[in-house]
Amino acid sequence: MTNDNISVSVRNLDLSFGSVKVLKNLNIDIEKGEFLVLLGSSGCGKSTLLNCIAGLLEVSGGQIFIGDKNVTWAEPSERGIGMVFQSYALYPQMTVRGNLSFGLKNARVPKDEIEKRVARAAEILQMEELLDRKPGALSGGQRQRVAIGRALVRDVDVFLFDEPLSNLDAKLRTDLRVELKQLHQNLKNTMIYVTHDQIEALTLADRIAIMKDGLIQQLDTPHGIYDKPRNKYVADFIGSPSMNFIEGDVDGGVFSAGDLKIDLKGYEFTPAGKTGGPAWFGIRPEHVYVGVDQPFQMEVTAEIVEPMGADTLVWTHVEGTPFRIRLDGQANVKTGDKLIVGFDPVRASMFDKATEERL
């Protein structure tokens with residue numbers, strides 16, 4: 001490797017189980033100190049890719065570099081990584097101190113160095129008072145802290161996280177998510193994090209790699225993926241509730257669907273998008289406004305109103321297609337109300353009907 005700023009490099013990576021290709025010619029460079037999130041639904045290949053980087057799976061083709069070292073065929077212990085799994089995998093008969101130091105003892109690290117590393121990890125994770133407890137006396141969040149601490153004491157440059165928060169309840173996930181972000185800001189190590197939770201991805205990542213069927217669909221910053229999804233799959237996957245889509249045609253800078261005609265003035269078309277043709281028009285529910293003057297406006301009927309505390313979600317139909325509008329939690333909207341809603345087509349996303357690529 002020639003780029004000193006690259007921490008992990010995956011080149012032309014293939015992985016097959018028999019005749020089934022799980023990863024397909026994957027290429028990705030992860031910068032030093034970057035927090036990269038691999039995001040996707042179950043079976044997309046994200047954990048498989050992480051396990052290939054960790055050395056837990058033997059690749060079928062391609063190469064993996066960590067730092068300037070080709071580790072494609074190296075053992076996990078030789079790769080200079082720390083890994084945190086979904087399950088805590090702690091030794092129940094050992095104290096927290098014993099769990100943290102076990103791997104270091106096996107690696108014959110000097111005793112005083114072990115004590116120093118354990119004390120540092122405990123301080124960073126705020127669990128000094130837990131060192132003499134056994135896992136059975138810890139909460140789920142505390143156990144996951146110990147699992148993270150076990151990776152920290154290895155004193156490596158690259159940390160791998162495989163859905164570490166998925167076994168925790170919602171509030172604990174939120175708390176630990178903040179702690180993980182602070183941990184990364186303090187340590188500045190490279191972190192590769194697998195999740196199916198888009199909120200975790202958007203809040204933690206410097207960049208997100210969205211995966212589907214063993215391929216990376218888009219690699220970008222959270223803002224880049226949210227504002228300009230590269231294809232309809234990414235647009236639909238990111239966002240809660242997901243993006244509204246209306247099927248129609250683009251011609252001369254105007255989108256048409258039945259009686260609906262939307263002037264796309266100001267929308268940034270890709271070079272391929274200027275030719276027009278069958279297309280999907282996408283707009284996020286939070287970019288649709290009620291009672292606010294917008295470049296495009298239409299009348300709809302509130303069919304279902306869902307108060308959600310901070311937000312109110314209104315369901316309706318546009319040209320026979322379900323359409324969602326995300327309003328302020330204090331919005332005074334009732335089922336059956338006629339609403340004038342509008343949006344700015346500049347914030348829309350257009351996709352080719354056949355390829356589903358961004359226009």
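Guide: The model is a predicted one. Within helix 8 (residues 232-237), Tyr233 and Phe237 are placed four residues apart, about one turn of the helix.

Visitor: How are the planes of Tyr233 and Phe237 arranged: stacked, tilted or edge-to-face?

Guide: The two ring centres are 5.8 Å apart, and the angle between the planes is 20 degrees. Planes under 30 degrees apart count as stacked, so the pair formed by Tyr233 and Phe237 is stacked.

Visitor: Is Phe237 buried or exposed?

Guide: The relative accessible area of Phe237 is 18%. Buried means under 20%, and therefore Phe237 is buried.

Visitor: How many aromatic pairs does a search of the whole structure find?

Guide: Apart from individual pairs, there is one aromatic cluster formed by Phe255, Phe281, Phe296 and Phe343. For the whole structure, the search gives a count of aromatic pairs of 10.

Visitor: Which residue lies over the face of Tyr226?

Guide: For Trp315, the residue over the face is Arg324, at 5.4 Å from the ring centre. For Tyr226, at 4.2 Å from the ring centre, the residue is Arg284.

Visitor: Which element gives the largest share of the lining of the largest pocket?

Guide: The largest pocket holds about 610 Å³ of space. Of its 24 lining residues, the closest to the centre are Ile81, Met83, Gly103, Arg150 and Arg154. Strand 6 (81-84), helix 2 (96-106) and helix 4 (140-152) each give two or more residues to this lining. The largest share, six residues, comes from helix 2.

Notes:
Residues numbered from 1 in each chain as written. Predicted model: local features only at pLDDT ≥ 70, side-chain atom pairs only at ≥ 80, totals over all residues. Heavy atoms only, no water. 1 Å grid on protein atoms, 1.4 Å probe; cavity = no way out; pocket = protein on both sides within 12 Å on 5 of 7 lines; lining within 4 Å. Points joined across faces, edges and corners; volume = space filled by probe spheres on them. Phe/Tyr/Trp six-rings, centres within 6.5 Å; stacked < 30°, edge-to-face > 60°. Buried < 20%, exposed > 50% of the residue type's maximum accessible area, 1.4 Å probe, protein only. Lys NZ or Arg CZ within 6 Å of the ring centre and 35° of its normal.
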